[in-house]
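Work through the exercises below with the sequence and the 3D view at hand. Try each task before you read its solution.

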Amino acid sequence: MTRPDQPAAAAASDDDLFGSETADYARYRPGLPDAAVRLLATTQHGVPDPVLLDLGTGTGQVPRALLPVLRRLVHIDLVDVNQHMLETALAILGPVRGSCTVNAFSGEAHTFTPTTPGRAPTLITCCRSFHWMSRAEVLNMADRVAAPNAVVAIMGDGSLWTHETDWTAALRELIQTYLGNDRRAGTRGTYAGRGRSYEEDLADSAFSDVAEHRFPVARAWRPEDVLGYLHTTSFARPALFAHRHHQFEAEALRLLQGHARGGVLKEDAEFTVLLARRPGGDA
């Protein structure tokens, strides 16, 4: 699983990057495919008291999807560098967590330290955020805190920048007319191209027993929703356009409406899940 969204440097997704777009993130970011959620749940079969550690949790998409399926969850640790995201995740999970306890840790993923005794994570997830992290240090941290038979799940599906279809290509070209040909990433950097794969990261870690699962996903976007999604990206967030953002959005909306069929833009994506275990762990 290569990393189509790898930034030039491992700049953290901090409040400067996504703080003001938290509501858009919760509303417009695509969720996890049902099949991927079920796969995650099956990794906890036979685990009497599952504990989830969600790294780069954002607005809590992973635990929100898992709670109705994995009702035996007893504890969740949310980790993110963005305090606004954590506050939103806690608010979203509040009405649905039931008896499951939830802790929030504000900081870089590799610095996480459990604060609840006896709650070693049995499932560690990282969805669409591993590329922002110090990956080797994160996997070392996971080895320190995880239960003996824990599963690490690294997940992602690229972005509308990487998706190849007529309307995404036209949108990408429009963004480039405003921001230049280099793809923006992080708060100041640019995309550096594909680098080391997640599989290589995992092969050099304690969690070197890796199985890859791919799930096709068909999405239908309204033009207005694409604009909301762009607010949540590092390559087209509003601050990059400064005083020209309203002009860009008006032009982008006309472009997207011109490509839409029946008011809909189609995206055929693929959601990849890497399930990693320590060698000799349960399959």
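The exercises that follow use a predicted model and look at its cavities and its nonpolar core.

**Exercise 1.** Find how many cavities of 30 Å³ or more there are, and give the volume of the largest cavity.

Solution. Start with the count: two cavities reach 30 Å³ or more. Next, take the volume. The largest cavity holds about 90 Å³ of space.

**Exercise 2.** Which residues line the largest cavity, and how do they split by class?

Solution. First, list the lining: Y25, R29, D54, G56, T57, G58, T59, Q61, V62, C127 and R128. Then sort by class. Three are nonpolar, five are polar and three are charged.

**Exercise 3.** Describe the second largest cavity by volume, lining and class.

Solution. Its volume is about 30 Å³. Now select the lining: L55, I124, T125, C126, V138, L139, A142, V152 and I154. Strand 4 (123–127), helix 6 (135–145) and strand 5 (151–156) each give at least two lining residues. Finish with the classes: eight nonpolar, one polar and no charged residues.

**Exercise 4.** Which residues touch the most other members of the largest nonpolar core?

Solution. The core has 30 residues, and L40, L66, F271 and V273 touch the most other members. Several elements supply at least two core residues each, including helix 4 (61–66) and strand 9 (265–277). Helix 3 gives the largest share, five residues.

**Exercise 5.** Leaving aside neighbours within four places in sequence, what is F271 in contact with?

Solution. The contacts of F271 are then L32, P33, A36, C127, R128, M155, G156, D157, H213, R214, F215 and V217.

Terms used:
Residues numbered from 1 in each chain as written. Predicted model: local features only at pLDDT ≥ 70, side-chain atom pairs only at ≥ 80, totals over all residues. Heavy atoms only, no water. 1 Å grid on protein atoms, 1.4 Å probe; cavity = no way out; pocket = protein on both sides within 12 Å on 5 of 7 lines; lining within 4 Å. Points joined across faces, edges and corners; volume = space filled by probe spheres on them. Nonpolar A, V, L, I, M, F, W, Y, C, P; charged D, E, K, R; others polar. Helix = DSSP H or I, 4+ residues; strand = E, 2+ residues; numbered from the N terminus. Core = buried A, V, L, I, M, F, W, Y, C linked by side-chain atoms within 4.5 Å. Buried < 20%, exposed > 50% of the residue type's maximum accessible area, 1.4 Å probe, protein only. Contact = heavy atoms within 4.5 Å.
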